Amino acid sequence: MTLTSLVVIPVILTLVLILVPVLVRLLDRDAGWPLAALFTALAVWIIAAPDRAAGGIDGRTVSWSTTWLPDVLPDGGDISLSLRLDGLSLFFVLLALVIGAAVFAYSARYLHRTTADHGDGVMSFYVLMSAFMVSVVLLFLADDVAVLFLAWALVSLAS
């Protein structure tokens, strides 16, 4: 896994979150199938990354960081956004993606179709579950207090 692919993981999940309303409008409860396929494909892509050593198989890690707010701390320090993928975070990211895919595949048959009496329960379920997925993966990749706080807050809101 390369440095740029570390950033791509939360970006892809965020794009999926943005596409959820479109998928639900088009497919109703069956939107769970393509969402499950996307999460599974992302997990397979992470596993099949060209550099398998990155991510902790041999103890190495991949990190990414950028300055978010420069010179805002009392000592003139910066607040940065940092992501890190090591063996433990790799395991939990894959676990979240695979369990999330299973939940979305199951929900495609379990949820009721959207009708006048059921309202938009399907939409809110898929949006909240996708937001939860993005938040949990970001939480596992966090290598910075700012990212950790943001991800934890988003997990709390999506819960």
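Me: How much accessible surface does the protein chain have?
Reply: About 8,800 Å², and carbon and sulfur atoms account for 71% of that. Keep in mind that this is a predicted model.

Me: Noted. And what share of the residues is buried?
Reply: Of the 159 residues in the protein chain, 39% are buried.

Me: How many helices and strands are there?
Reply: There are six helices and two strands. Starting from the N terminus, the order is α-α-α-β-β-α-α-α.

Me: What part of the contacts links residues 24 or more positions apart?
Reply: Taking contacts with a separation of 6 or more, 68% are between residues 24 or more positions apart.

Me: Let's look at two helices, then. How do the axes of α2 and α4 cross?
Reply: They come within 7 Å and cross at roughly 160°. That angle is over 145 degrees, so α2 and α4 are roughly antiparallel to each other.

Me: Is that crossing left-handed or right-handed?
Reply: The α2 and α4 crossing is left-handed.

Me: Which residues make the contact?
Reply: From α2, they include Trp 33, Leu 35, Phe 39 and Ile 46. On the α4 side, Leu 90, Val 93, Leu 97, Phe 104 and Arg 109 are among them.

Me: How do the residues of that contact divide into nonpolar, polar and charged?
Reply: In the contact of α2 with α4, 17 are nonpolar, three are polar and one is charged.

Me: New topic: Asp 28. Where is it?
Reply: Asp 28 sits in the loop between α1, residues 3–27, and α2, residues 32–47.

Me: What is its phi?
Reply: Asp 28 has a positive phi of about 55°, although it is not a glycine. For background, most residues other than glycine have a negative phi.

Me: Is Asp 28 buried or exposed?
Reply: Its relative accessible area is 15%. Buried means under 20%, so Asp 28 counts as buried.

Me: And Leu 73, where does that one lie?
Reply: Leu 73 is in the loop between the strands β1 (62–69) and β2 (79–85).

Me: Which residues does Leu 73 touch?
Reply: Leaving aside residues up to four places away in sequence, Leu 73 touches Asp 78 and Ile 79.

Me: Thanks, that helps!

Terms used. Residues numbered from 1 in each chain as written. Predicted model: local features only at pLDDT ≥ 70, side-chain atom pairs only at ≥ 80, totals over all residues. Heavy atoms only, no water. Helix = DSSP H or I, 4+ residues; strand = E, 2+ residues; numbered from the N terminus. Buried < 20%, exposed > 50% of the residue type's maximum accessible area, 1.4 Å probe, protein only. Contact = heavy atoms within 4.5 Å. Areas by Shrake-Rupley, 256 points an atom, 1.4 Å probe, with all protein chains shown as cover. Axes fitted to C-alpha atoms, helices over the stretch in contact; angles between N-to-C directions. Parallel < 35°, antiparallel > 145°, perpendicular 65-115°, else oblique. Left-handed = near helix turned anticlockwise from the far one by under 90°. Nonpolar A, V, L, I, M, F, W, Y, C, P; charged D, E, K, R; others polar.
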